[in-house]
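Please keep the sequence and the 3D view open while reading.

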Amino acid sequence: MTKLIFLGAPGAGKGTQAQILAETLGIPHISTGEILRGAIADETPLGLKAKSYVDNGDLVPDDLILDLIKQRLGEEDAQKGWILDGFPRNVSQADFLTNLLQQLNQNCDGVINFDVPDQVLIDRLLGRGRKDDNQETISNRLVVYRQKTAPLIEYYQQHNLLKNVNGDRELSQISQELETIVKS
Ligand code: AMP
């Protein structure tokens, strides 16, 4: 498996695991959150439009994200594989991706859902210290996750792509399980 989507609540550890696995497999780790934080730091037109949403823990409007993903998945290094981390974030982004992959003649091989209890998520986020990791923004991000992103678990289950992974374990145990999954 070389074309993977990582799903999970904020703090579920999908970014860390995506980075490790992408390096192991030699494929790009595509994090929309990271792309947005870079754009905000550089004060690009995208960054200026996205800043208030990211600061509040709300989803950035789809039109800012969809073009960006389309372009990124069309790049040379994305032809042999990718790990998407933080995209899709709602059903309309997932539908867009399904169509885009058809157009690009690519297939998603699997969707990994990181399962982590809420209290563990909150403790991890509070310990992380990112600008959007304050108490108020964290609780909004969890509400947004439940309302907009969690329905994708069912979405990908129906597409027969979903694999649940217990994300409340040692980092190395999770990495090992992921390697086993992608090599099977
Ligand atoms: P993340 O690093 O994935 O936790 O994303 C940080 C923030 O970036 C989120 O709280 C959203 O404001 C924004 N963001 C990242 N990915 C998306 C996306 N696919 N759609 C909309 N907003 C996003």
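In this predicted model, helix 6, made of residues 118–128, and helix 7, made of residues 135–149, have axes that come within 10 Å and cross at roughly 140°. An angle over 145 degrees would count as roughly antiparallel, and helix 6 and helix 7 are therefore oblique to each other.

**Helix 6 and helix 7**
- As helix 6 passes helix 7, the crossing is right-handed.
- On the side of helix 6, the residues in contact are Asp 118, Leu 121, Ile 122, Leu 125, Leu 126 and Arg 128, and they meet Gln 135, Ile 138, Arg 141, Leu 142 and Arg 146 of helix 7.
- Sorted by class, this contact of helix 6 with helix 7 holds six nonpolar, one polar and four charged residues.

**Helix 2 and helix 3**
- Helix 2 (residues 32–41) packs against helix 3 (residues 45–56) at an angle of about 115°, and their axes are 8 Å apart.
- Angles of 65 to 115 degrees count as roughly perpendicular, and helix 2 and helix 3 are therefore described as roughly perpendicular to each other.
- The crossing in which helix 2 passes helix 3 is left-handed.
- Leu 36, Ala 39 and Ile 40 are the residues of helix 2 that meet helix 3, where their partners are Leu 46, Gly 47, Ala 50, Lys 51 and Val 54.
- The contact of helix 2 with helix 3 divides into six nonpolar residues, one polar residue and one charged residue.

**Helix 4 and helix 5**
- The axes of helix 4 (residues 62–73) and helix 5 come within 11 Å of each other and cross at roughly 25°.
- Because angles under 35 degrees count as roughly parallel, helix 4 is roughly parallel to helix 5.
- Helix 4 passes helix 5 in a crossing that is right-handed.
- From helix 4, the residues Asp 62, Ile 65, Leu 66, Ile 69, Lys 70 and Leu 73 meet Ser 92, Gln 93, Phe 96, Leu 97, Leu 100, Leu 101 and Gln 103 in helix 5.
- Eight nonpolar, three polar and two charged residues make up this contact of helix 4 with helix 5.

**Around the ligand**
- There are 16 residues around the ligand, and those that come nearest are Thr 32, Arg 37, Asp 58, Gly 86 and Gln 93.
- In the side chain of Thr 32, an N or O atom is 2.8 Å from a nitrogen atom of the ligand.
- Gln 93 also has a polar side-chain atom that lies 3.0 Å from a nitrogen atom of the ligand.
- For Asp 58, it is a backbone N or O atom that lies 2.6 Å from an oxygen atom of the ligand.

**Backbone details in two loops**
- As background, most residues other than glycine have a negative phi, and most peptide bonds are trans.
- Glu 43, which lies in the loop between helix 2 and helix 3, has a positive phi of about 50° although it is not a glycine.
- The peptide bond from Phe 87 to Pro 88 is cis, with omega near -5°.
- Pro 88 itself is found in the loop between strand 3 (82–85) and helix 5 (91–103).

Methods:
Residues numbered from 1 in each chain as written. Predicted model: local features only at pLDDT ≥ 70, side-chain atom pairs only at ≥ 80, totals over all residues. Heavy atoms only, no water. Axes fitted to C-alpha atoms, helices over the stretch in contact; angles between N-to-C directions. Helix = DSSP H or I, 4+ residues; strand = E, 2+ residues; numbered from the N terminus. Left-handed = near helix turned anticlockwise from the far one by under 90°. Contact = heavy atoms within 4.5 Å. Nonpolar A, V, L, I, M, F, W, Y, C, P; charged D, E, K, R; others polar. Near = heavy atom within 4 Å. Polar contact = N/O pair within 3.5 Å; in protein donor to acceptor, adjacent residues only side chain to side chain.
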